[in-house]
Amino acid sequence: QFFYRKPIKFISCGHNYSLAITNEGIVYGWGENKLGQLGLGHIQIVENPTQIPILDKYGGQEGCNTSENLINKKFEREYTNKLLKACYLSAGYSHSVVVTEEGLPVTFGLNIYGQLGLGNSITSFEPRLIEKDEGGELIEPIVKAACSTSGTFLISKSGKMYTCGSGDIGHGDLGM
C-alpha cells in the first residue's frame, strides 16, 4: 500500500532488510538496520519503507582528500549537498551500495572488511560516496553494483571492475 502511485523500478533484498528505487530515483529501505545497512542512522528496526537520502556531499573517504584539502576545501569536484537520484542498488548481508544517475557509487553499513570501499574498516550508518580507488585514482562512472556477504563489486561504463572487502573478490589468494 505504501508504494501505491510510487512505481518501483528496482528492488534488492538483503539479510532481513530490503531496498527499492522508485521511478523518480528515490531510494527507500525497510527492515533491520542494526549495522547501518539501511543508511538511516542508528535506528535498529525500520518497519515501514523510509526514504534514504543519497546526498551529494563529501563522504570522508580515506585517501580521497588530504587534510590540507579539507582545510582549504580544494576537492576534486564540487559537492552540492543536493539529493541524488539512484538508478541501481544492491543489498548484501549487512551493507548496501547505491549507484546514482551520475555513476557515483554510495555505500553504507557494516565495514569490518573494508567492503564499503572507503579506505577504512569503520561501519557507516549513513550513505557515503566512493570516489577513488585504493591507488587514489578517480573511479570511472559506475553502471552496476553487487554486494556479497562481505564484498562489494562495481562495474564501470567501460567494463572496468572495482572490488573491495573480503572473500572471493578477485584479489588473488583465496586463503586455501
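Which strand gives the largest share of the lining of the largest cavity? Before selecting anything, note that this is a predicted model, in which local features need pLDDT of at least 70 and side-chain atom pairs count only at pLDDT 80 or more, while totals for chains, interfaces and linings use all residues. Residues are numbered from 1 along each chain as its sequence is written, and side-chain values use heavy atoms, with hydrogens and water left out.

Begin with the whole chain, which has one helix and 11 strands, where helices (H or I, at least four residues) and strands (E, at least two) are DSSP runs numbered from the N terminus.

Now select Ile 54, Leu 55, Lys 57, Val 106, Pro 127, Arg 128 and Leu 129, the residues that line the largest cavity. A cavity here is a set of points on a 1 Å grid over the protein atoms alone where a 1.4 Å probe fits but cannot get out, and lining residues have an atom within 4 Å of a point. About 30 Å³ of space lies in this cavity, a volume being the space filled by probe spheres set on the points, which are joined across faces, edges and corners. The answer to the opening question is strand E8 (residues 124-129), which supplies three residues of the lining.

Stay in strand E8 and pick Phe 125, which is called partly exposed because its relative accessible area is 22%. Leaving aside neighbours within four places in sequence, the contacts of Phe 125 (heavy atoms within 4.5 Å) are Lys 34, Leu 35, Gly 36, Gly 39, Leu 40, Gly 41 and His 42. If you draw a line from the C-alpha of Phe 125 to that of Lys 34, it spans 9.1 Å, although the two are 91 residues apart in sequence.

For the last stop, go to strand E9 (residues 142-147) and select Val 143, which counts as partly exposed because its relative accessible area is 33%.

Conventions:
Buried means under 20% relative accessible area, exposed over 50%, partly exposed in between (1.4 Å probe, protein chains only). On a 1 Å grid over the protein atoms alone, a cavity is a set of points where a 1.4 Å probe fits but cannot get out, and a pocket is an open set with protein on both sides within 12 Å along at least five of seven lines; lining residues have an atom within 4 Å of a point.
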